Amino acid sequence: MERNGYKYQDAGERLKKLIETMDDGDKLPNRKILSEQLGIARTTLEHSIAELIASGYLSSRGGSGTYVRKAGIEENAGLQELNALKFSTSHFNKKTWAILCSSILGDIYPYIIRAVQDVAARHGINVIVCSTDNDTANEQSCLIKLVRDGVSGIIIIPATHGDINPLFYRRLQKTGVKLISCYRPLVGFLTPGVYCNSFESGYVATKFLLDRGCKKIAYFSAPIYQTAYDRYQGFMMALASSGVAQDSHAVFMDSFTYDLAQCYRTILPSFDQYGIPDGIFAFNDRLAQLVYQALEIRHLRPGRDVKVI
């Protein structure tokens, strides 16, 4: 059996050869087609794509797909602007931190902000709160402004929509500002951080369905990014440890957005073609809501006819 490192390297080289035949901005085929075209297992393919995104060969646009990126990550305007900045250590104000969130209102972000503010207050530190709208371009603009303003530390919940340039964050760290990632890691860049265990959450959620008698479990996730990939690994491990075979036709990753009509075009045809699952792992609450509505169109009762988590 090949070692994983060799498989990933070989998959990466095959992908690079494919990219060389495509134009800048071209969209990669969906994962199922690409896996069959290159003769690469889905999990190996996902790993290789993530590495090529981090290296700048590809870009991931949330809910839209993965695209060829030949312009080169060095041309990123934010990186050029960072390269022009030169600061001494005295520039940074040790009494000011910043936290960057995808949103300051939704999901768990208000609780994270409150926790940071509580700790900072005990040490007499001010906190600047910025919203990136989950867009990497906004994230980079905010980071440049915060570095110029002299904040000494930045806690960042990384955005997932848009091009991700690891060189930008490496250069950011060299300015002297302390950077900590929270909730999910920065793709392609190692930094201290506090993260959710997405693998374990995927494993536990799937075991919950299995323990309730589900044998045909579908996995729905959009868009592709590290958290989705880790939860998928937990999903697969739970199936394997319970002796349940994985059905590749029941896995939907990066196939649709949160647009209701487009979601129906993906979910409902899959039910018609491959049968209705008895359990569904939905990546998040927004996707679960769409799954509920799709089930109701088929006159199925979520939680009774089909269990959803």
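Biologist: Is Asp 133 buried or exposed?

Modeller: This is a predicted model, so every value here is computed from predicted coordinates. The general idea is a cut-off: a residue is called exposed when its relative accessible area is over 50%, and buried when that area is under 20%. Asp 133 has a relative accessible area of 58%, so Asp 133 is exposed.

Biologist: Where does Asp 133 lie, and what is its phi?

Modeller: Asp 133 is in the loop between strand 4 (126-131) and helix 6. Its phi is positive, about 55 degrees, although Asp 133 is not a glycine.

Biologist: What about Asn 134: buried or exposed?

Modeller: Asn 134 has a relative accessibility of 16%, and therefore counts as buried. Asn 134 also sits in the loop between strand 4 and helix 6. Its phi is positive as well, about 60 degrees, and Asn 134 is not a glycine either.

Biologist: Now a strand. How should I read the two faces of one?

Modeller: In a regular strand the side chains alternate between the two faces of the sheet. Take strand 8: five of its five residues are buried. On one side are Ile 217, Tyr 219 and Ser 221, on the other Ala 218 and Phe 220, and both faces are covered.

Biologist: Which strands pair with strand 8?

Modeller: Strand 10 pairs with strand 8 in the parallel sense over four bridges. In that pairing, Ala 218 stands opposite Ile 280 of strand 10. Strand 9 also runs parallel to strand 8, and three bridges join them. Here Phe 220 has Phe 252 of strand 9 as its bridge partner.

Biologist: Which residues have the most contacts inside the largest nonpolar core?

Modeller: In soluble globular proteins, nonpolar side chains tend to be buried together. The largest nonpolar core in this model has 34 residues, and those with the most contacts inside it are Tyr 219, Phe 220, Phe 235, Ile 280 and Leu 295. Several elements each supply at least two of its residues, among them strand 8 (217-221), helix 9 (226-241), strand 10 (279-282) and helix 11 (285-297). Helix 11 gives the most, with six residues.

Biologist: What does Leu 295 touch?

Modeller: Leaving out residues up to four places away in sequence, Leu 295 touches Phe 271, Ile 280, Leu 300, Pro 302, Val 306 and Val 308. There is also a second, separate core of 18 residues, which includes Ile 144, Leu 146, Phe 168 and Tyr 169. Of these, Ile 144, Phe 168 and Tyr 169 take part in the contact between helix 6 and helix 7.

Biologist: And how many helices and strands are in the chain?

Modeller: The chain has eleven helices and eleven strands. Of its 309 residues, 46% count as buried. Among contacts with a separation of 6 or more, 72% are between residues 24 or more positions apart. The accessible surface comes to about 15,400 Å², and 52% of it belongs to carbon and sulfur atoms.

How values were computed: Residues are numbered from 1 along each chain as its sequence is written. This is a predicted model: local features need pLDDT of at least 70, side-chain atom pairs count only at pLDDT 80 or more; totals for chains, interfaces and linings use all residues. Side-chain values use heavy atoms; hydrogens and water are left out. A nonpolar core is a set of buried Ala, Val, Leu, Ile, Met, Phe, Trp, Tyr and Cys residues joined through side-chain atoms within 4.5 Å. Buried means under 20% relative accessible area, exposed over 50%, partly exposed in between (1.4 Å probe, protein chains only). Contact means heavy atoms within 4.5 Å. Accessible areas come from the Shrake-Rupley method with a 1.4 Å probe; for residues, only the protein chains shown count as cover. Two strands pair if DSSP finds at least two bridges between them.
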